[in-house]
Amino acid sequence: MGPNIIGRLANLDDAQVGSVILNGKPASGMPAFAIGDVELSGLVAYLRTFRPGPRRAAESLSVDLATGGSITGEVIGRSLNDLQLRTVDGKIALLRPDGDKFRRVTSQVDWPTYHGDVSGNRYSELDQISVANVSRLTPAWVYNVSGAGRLQTTPLVVEGVMYVTNVNECIALDAGTGRQLWRYTRPRTQGLAGDAASGINRSAAVAGDRLFLLTDHAHIMALNRFTGDLLWDAVMADWRQNYGATSAPLVVGDLVVSGISGGDEGARGFIAAYRQDTGVEVWRTWSVPAPGEPGSETWGADLSHPSSATWFTGTYDPQLDFIYWPVGNPGPDYNGSDRPGDNLYSNSILALDAKSGALKWYFQYTPHDLWDWDSVQPPVLVDIDWNNEDRKLLLHANRNGFFYLLDRVTGEFLLGEPFVEKLTWASGLDEKGRPILNPNQTPTPEGVEVCPAVAGATNWFSTSYSPDSGYYYVQTMEKCSIFRSREEEWQAGRSYYAGSTSPVLDEQTRKVLRAIDIQDGEIMWELPQIGPANSWGGVLSTAGGIVIFGEDSGSLMAVDGEDGHVLWSLPTNAIWKASPLTYMFDGKQYIAIAAGPNILAFALGE
C-alpha cells in the first residue's frame, strides 16, 4: 500500500501534490504517473475533495426546546452561554440556554454578499443602532484568525452563520458569539507574484448550500457551507503566468462570477462565469481585446502582457440582468511608450450581459493610464430622482480623484467632479467625461510629482450612499507621489511596473471622510483624520443615520451622516485594511469589522 496522500494534503500546496503524483514515492510503494497538465490539474482538484476522517467520535447530544419538542445532533461547540449542534441533515443548529431548556437562534437580517447587497451599496436599513444611542456601542465578541496578518476580508452572515476568509481559508462562526463551527484551509501557493503572493483574500460568496471561495493561485472553489467540505475546484488561470485571485466572487442567478489579479504583473484580465453546481465555465470576457478585435487598435503592436486585471468584486442589476465589473490599469504601469492609445478596456467599468458575458457598454475613466490608477473601486448602483428624472445610476469615486455619475442602462456620462484638493494631472473632465490633461505630469526617468498619489484619491475600500441623506460617503486621501519611468521586459514571477514611485519629501498627507451630494457632486461636509493616510478602512451607512468607518489613527468611529460630527469611537490600534458590515442576530443589531488578525463584533450595551 502506498503513502496516505489524503492525510498529507493539508500540508501541501497544489504544485507539491502534483509533484508527488508525477514523481511517485517509490520507497513507499507509489509509482510515478506520466500525465498531462490538464489531467494533473483535474486530479489534484479531485483529491482536494477528500478530507481525513475524524480523529475522535463526535459527542451526540439531545436537548429540550423551550418551544416544545427536542433537537438532537453532534456537538460542534458549547459553553455556559451557547450551544451549536450539527443535526442529522448535516446542517447547523445555533442554540441559547432558556432556563433548563434551549431556544434556536438565527439572524433576522443577513449580510449575504461582500457589500451586503449585489448593488455594491454598503448601506443597511437596520436602525436599532442610531444617532441617538450609538454612544452605547460596546464590544460583543472577538475572534482571532490564527496565523493571519492584517485581514482585508468582509465577513458574510447567512442564517446565523458568519463566514470569515483569509488566504486559501474560510472559517464559519456563530454570528452571535464568534464560536468556531468549522475551518477549511489549504496551503498557500509558493512562487506567486504580486498581491496574490502577499496573502490577501477579501471575502466569499454564498448561494443555497454552497460557499464560493477564490484561492491565491487563481482557482475558484465551492464548499458545503454547513460543513466546509470541498465540493468542486476549478482552475481559472495559470498562476505561472502571474495570475492570482484576491477578492470575493459574485453570485448571479445560477452562476458565480469572478475576475483575477495580476495586473501589476502583466496578466491579461478577464471576467468569467461558472456553474454553481459543477464549476464548469459558462462564459469568459477579456478586459483587453485580442489582436484584430475592435479596441485592439488602442494598444499598438504588442498585446502580449497588457494587464488590465479584474481583481475586485463587481455588482449586479437583476432587473437589467447586467453585471458591472471594474477593470484595472494597463501594463507596464508607468511607461506607456509601447502601448500608445487609450488602451481599452483598462481603467474602465464594463457592463456585461449576465447570461452571456457580452459587452453592453463601457466607460473609460483614465485613458492611457501612466500612474497605476486602476478603476477597481466599488461601482455602486442606485435608483433615484436625479435632475427631476427617475434614473438608474452608477456611482463611482475613482482613484484618479474624480467622482463620476453614469446612467447604468446606457453608460452615458452625467456628472464628474473632483473630490480631493490635491489633483494635478487633469484640470477637469470634458462633456463626455474624458480627462483634460495638464502638462508635465507624465512619469520620467528623473521623476515627476503628480497628485493624487499612486495609492489614489481613494481605492478599493467600501463607499456608501444613504438614500436618507442623499449623500455618498467616501474615504479620501490627500497625498501625492513622485513617479519615475524606465524600460523593463516582462518576466514570469515578477512585477511589471517599468518604473517606480516614492513619497513627496515632507508632504503633509491626510485621510478625509467626505460626504458628496450626488445631485451635483458638491462636498457637503468632510472629516479630516489624524494619521499618515496609510490605512484602507471603508465606510458603512445605515437607516439609523450613522456612518461607521475605520479612522486613520486606528479607531473604529461612528459619525452623524447629516453633518459628520463624531458620535462614538473605539481605539483598536489597527492599521485598517477592511470595511465594516452590519446584521441582526437574535433580535440584536451587530456591527462587525476585521481589525488586524481579529474579527470584532459590537452591539448596544444595556
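Which residue does a disulfide join to Cys-451? In this predicted model, the partner is Cys-480, with an S to S distance of 2.0 Å, and the structure holds one disulfide. Select both residues and look along the S-S bond: the torsion about it is about 95 degrees, so the disulfide is right-handed. The pair links distant parts of the chain, 29 residues apart, with Cys-451 in the loop between strand S31 (448–450) and strand S32 (464–465), and Cys-480 in the loop between strand S33 (471–478) and strand S34 (481–485). Both Cys-451 and Cys-480 are buried.

Next, select Trp-141, Met-162, Tyr-163, Trp-182, Tyr-583 and Ile-599, which have the most contacts inside the largest nonpolar core, a set of 58 residues. A second, separate core of 44 residues includes Tyr-334, Leu-394, Tyr-404 and Val-450. Returning to Cys-170, its relative accessibility is 0%, so Cys-170 counts as buried.

For the last stop, select Ser-130, which lies in the loop between strand S7 (123–124) and strand S8 (137–144). Is Ser-130 buried or exposed? Its relative accessibility is 15%, and because the cut-off for buried is under 20%, Ser-130 counts as buried. Not counting residues up to four places away in sequence, Ser-130 touches Gly-544 and Ile-546.

Terms used:
Residues are numbered from 1 along each chain as its sequence is written. This is a predicted model: local features need pLDDT of at least 70, side-chain atom pairs count only at pLDDT 80 or more; totals for chains, interfaces and linings use all residues. Side-chain values use heavy atoms; hydrogens and water are left out. A nonpolar core is a set of buried Ala, Val, Leu, Ile, Met, Phe, Trp, Tyr and Cys residues joined through side-chain atoms within 4.5 Å. Buried means under 20% relative accessible area, exposed over 50%, partly exposed in between (1.4 Å probe, protein chains only). A disulfide is a pair of cysteine sulfur atoms within 2.5 Å. Helices (H or I, at least four residues) and strands (E, at least two) are DSSP runs, numbered from the N terminus. Contact means heavy atoms within 4.5 Å.
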